[in-house]
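Dear colleague,

My notes on it follow directly after.

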Protein chains: 2
Amino acid sequence: MSSHTVRIGLLGHGTVGRALVALLDRRGAAIEARTGVRLEITRVAARSPRPAGDGSLGADRFGTDPAAVVAAPDVDLVVELMGGVEPARTLVMAALAAHKPVVTANKALLASAGPELYAAADAAGVDLLFEAAVAGGIPIIRPLRESLRGEQVRRVLGIVNGTTNYILTRMTSSGADYADALAEAQALGYAEADPTADVDGHDAAAKAAVLATIAFGCAVRADDVAREGIRGVTAADIAAADRRGFRIKLLAIAESHHDGSVGVRVHPTLVPLGHPLAAVNDAFNAVFIEGDAVGELMFYGRGAGGDPTASAVLGDVVDAALNLRVGTSASIGALRPARIRPLDDAECAFSVQLTVADRPGVLARVAATFADHGVSIRSLEQEDAEDRAHLVFITHAVAESAMRATLADLADLADVLSVDSVLRVIGVV
Amino acid sequence: MSSHTVRIGLLGHGTVGRALVALLDRRGAAIEARTGVRLEITRVAARSPRPAGDGSLGADRFGTDPAAVVAAPDVDLVVELMGGVEPARTLVMAALAAHKPVVTANKALLASAGPELYAAADAAGVDLLFEAAVAGGIPIIRPLRESLRGEQVRRVLGIVNGTTNYILTRMTSSGADYADALAEAQALGYAEADPTADVDGHDAAAKAAVLATIAFGCAVRADDVAREGIRGVTAADIAAADRRGFRIKLLAIAESHHDGSVGVRVHPTLVPLGHPLAAVNDAFNAVFIEGDAVGELMFYGRGAGGDPTASAVLGDVVDAALNLRVGTSASIGALRPARIRPLDDAECAFSVQLTVADRPGVLARVAATFADHGVSIRSLEQEDAEDRAHLVFITHAVAESAMRATLADLADLADVLSVDSVLRVIGVV
């Protein structure tokens, strides 16, 4: 087999970019032996020039103008690792317009402009591949795009943010409160100095939008995702969940309904210990899929880090290079416009913790308030403490709107001293 | 997008074949809307004619001659669900020679004749896809073939036989012995009347050969796989493992070594409780992958059953149909000849249970026997009972040949009344 060279222009030379250069140095010969494709990084756009070069790349390959890399005649394929929506969007569109395939790890870009970019790639007849954009090194996009093409996917449940999973795991294993676990994650480099994107669920919401788009074939954007982060999760929540046989995880949840609508949300969630997602700890990610025919699937691995992410990028690069050689490309197919089901109509079980006055008839009045809104109780635990009692309810599945109305009425009851915690629960019907 | 019809010839109309017909009835329209490909089953070769038809398929589509289906001018793509090596091999070769892509779920065929078939598909320039051949509905072949193409895969650990995993799970949860758990699996339809293929590891060995071939890019066959089944696993083994924090699983293990050799084996294995594979229960399957860059991945789901398997087949059919439309095909790439590392040279930790006479110096003599062969002890537990003692050793990793020599010498010691159990252990260095 005679080899065919594909020349790569790399946009971005941070952690993942440097890991990709090193990985290609290590694996390039084996890839060429197996596929007949020789991959060569001809140009790199870095934030600052790096005259020292990097691995096999001489200083002459480095520049600071990503648009020049995209336009260069000695670049056949573009790898975008800059992050953020602009200028990444403009650069990717320019590459596709020039019939250059693009591999990207940029979930923010795809959650904002994905549908336009997929259409542009289809129109140009070249690949736009993005395995690394969701759950780092875990192959999840390709299985959803290709392996499950015969499947009616009903629900996707993902632990797709390693930072928050690390924080919640530490809170569970050590009893630490949120602030201490966050500080520890920051000290270890798992969390940024400004942790907003992670702990408020923005990162997970972008990934949820990408997963929902691919799983359901309709254009979901980050703005369509209902979002609640983990700042409000307390050590007491974790301990109470543990006593009842649950772990608390920040889940990205995408559901398709029989009326064709889709609901996408991110929130802390009680996951029963027997569920495979409950055992996904530390900075690991996992995506759990429920399909009509295939049943339950889970994909587990490292969701971040230079090497795992570079591995996913390189897999895409080889695929795009092979397709380029024969003049074909993968397509995610026709996307329907998404009909987003409002969060109010989403159905979920809830865990509700209340502090109430310890006097006769309290439980009856509280239970009646749930019943007034059609909320059915699955379990109740009561702890007495001096003149007050602590109640923990787990409900059956109920519409968010009904739960909200219930909580408003509970807060108005004279018996209810405080609503201490409201968390959603999966694995309870 | 105007639709393109791809006409399917189906060989085999058993559980998976019928599930495929039903799934295509349900999902055909959605697949056409998304991809522009209309899939139509034009001919079915069944063991006996079925004049009643099946779902949307009239009786006129059924026949009993699979070769006629392969050769028919109104068949563009062949789905082989007959199982067994012949006549499946001849039929698949004929289809490929006629430039018809083939989708198969036949692990026995691939473990016996895979490399020839892959080469024939490459030569004909059409797809030979087989996601359903390993771990049923779980997308594992495609991720290995494509997503991990940039990766140096070091080790694949698989729970790839649902029957034995069900039996071992029951033995663990109920304390049942092997015979009772097998009888229960047979009553539930999880095990055949003749369970040999499952319990002696033949089925897992075929899947291990396919996984090793794809993961390492070299031609591994079922005969290359060292194999030990679960008939010898006792309730006492399960209980002893449990006390030490392990589950016993039948693992398919494929390892690539730095000298380019590969070792592939199937045996009951102690898996530490913290390992993701330890939580894979009942008839579920999982494949755990260790790669240089990507780290640890796991793929989990239903490894058998009509619907999950049909889902994997249909995903492959859509892929092959799309490739057929544009005249391209996927290739597993050039395969090296496999250099198989003999089992004697494989390194593994062991759990060894001995019954010894309870007299002074026994432990020293037993320990010296391990030491004589360079086998290092990681942990020892001793239980006294009347005039004898029960010893449970877990070793550090050691070559199989050294362990075999150790066991021979232990059996010769006058102090050793019996060697009760020898099992391999993972997760111990």
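At what angle do helix 4 and helix 9 of chain B pack, and how far apart are their axes? In this predicted model, helix 4 (residues 107-124) and helix 9 (residues 202-216) of chain B meet at an angle of about 55°, and their axes are 8 Å apart. On the side of helix 4 of chain B, the contact is formed by B:Lys107, B:Ala108, B:Leu110, B:Ala111 and B:Gly114. Helix 9 of chain B contributes B:Ala206, B:Lys207, B:Ala209, B:Val210 and B:Thr213. Sorted by class, the residues of this contact are six nonpolar, two polar and two charged.

Helix 6 (residues 162-174) and helix 7 (residues 178-187) of chain A pack at about 125°, with 9 Å between their axes. That angle makes helix 6 of chain A oblique to helix 7 of chain A. Here the crossing is right-handed. From helix 6 of chain A, the residues A:Thr163, A:Tyr166, A:Ile167, A:Arg170 and A:Met171 take part. They meet A:Tyr178, A:Ala181, A:Leu182, A:Glu184 and A:Ala185 of helix 7 of chain A. The contact comprises seven nonpolar residues, one polar residue and two charged residues.

The two chains also touch each other. Chain A and chain B each give 47 residues to the contact. On the side of chain A, helix 1 (15-35), helix 5 (141-147), strand 13 (295-302) and helix 11 (306-326) each supply at least two residues. The largest share, ten residues, comes from helix 11 of chain A. This side of chain A has 23 nonpolar, 13 polar and eleven charged residues.

As to domains, the assignment for chain A lists domain 1 (4-137 + 306-331), domain 2 (141-302) and domain 3 (344-425). The centres of domain 1 and domain 3 of chain A, taken over C-alpha atoms, are 52 Å apart.

One residue may be noted separately. A:Ala226 belongs to strand 9 (residues 226-227) of chain A. A:Ala226 counts as buried because 20 C-beta neighbours lie inside 10 Å. Apart from neighbours within four places in sequence, A:Ala226 is in contact with A:Arg265 and A:Leu343. A:Gly263 is 37 residues from A:Ala226 in sequence, and their C-alpha atoms are 8.5 Å apart in space.

With kind regards

Definitions and conventions:
Residues numbered from 1 in each chain as written. Chains lettered and ligands numbered in written order. Predicted model: local features only at pLDDT ≥ 70, side-chain atom pairs only at ≥ 80, totals over all residues. Helix = DSSP H or I, 4+ residues; strand = E, 2+ residues; numbered from the N terminus. Buried ≥ 20, exposed ≤ 12 C-beta atoms within 10 Å, placed from the backbone. Contact = placed C-beta atoms within 7 Å. Domains from an automatic or database assignment. Axes fitted to C-alpha atoms, helices over the stretch in contact; angles between N-to-C directions. Nonpolar A, V, L, I, M, F, W, Y, C, P; charged D, E, K, R; others polar. Parallel < 35°, antiparallel > 145°, perpendicular 65-115°, else oblique. Left-handed = near helix turned anticlockwise from the far one by under 90°.
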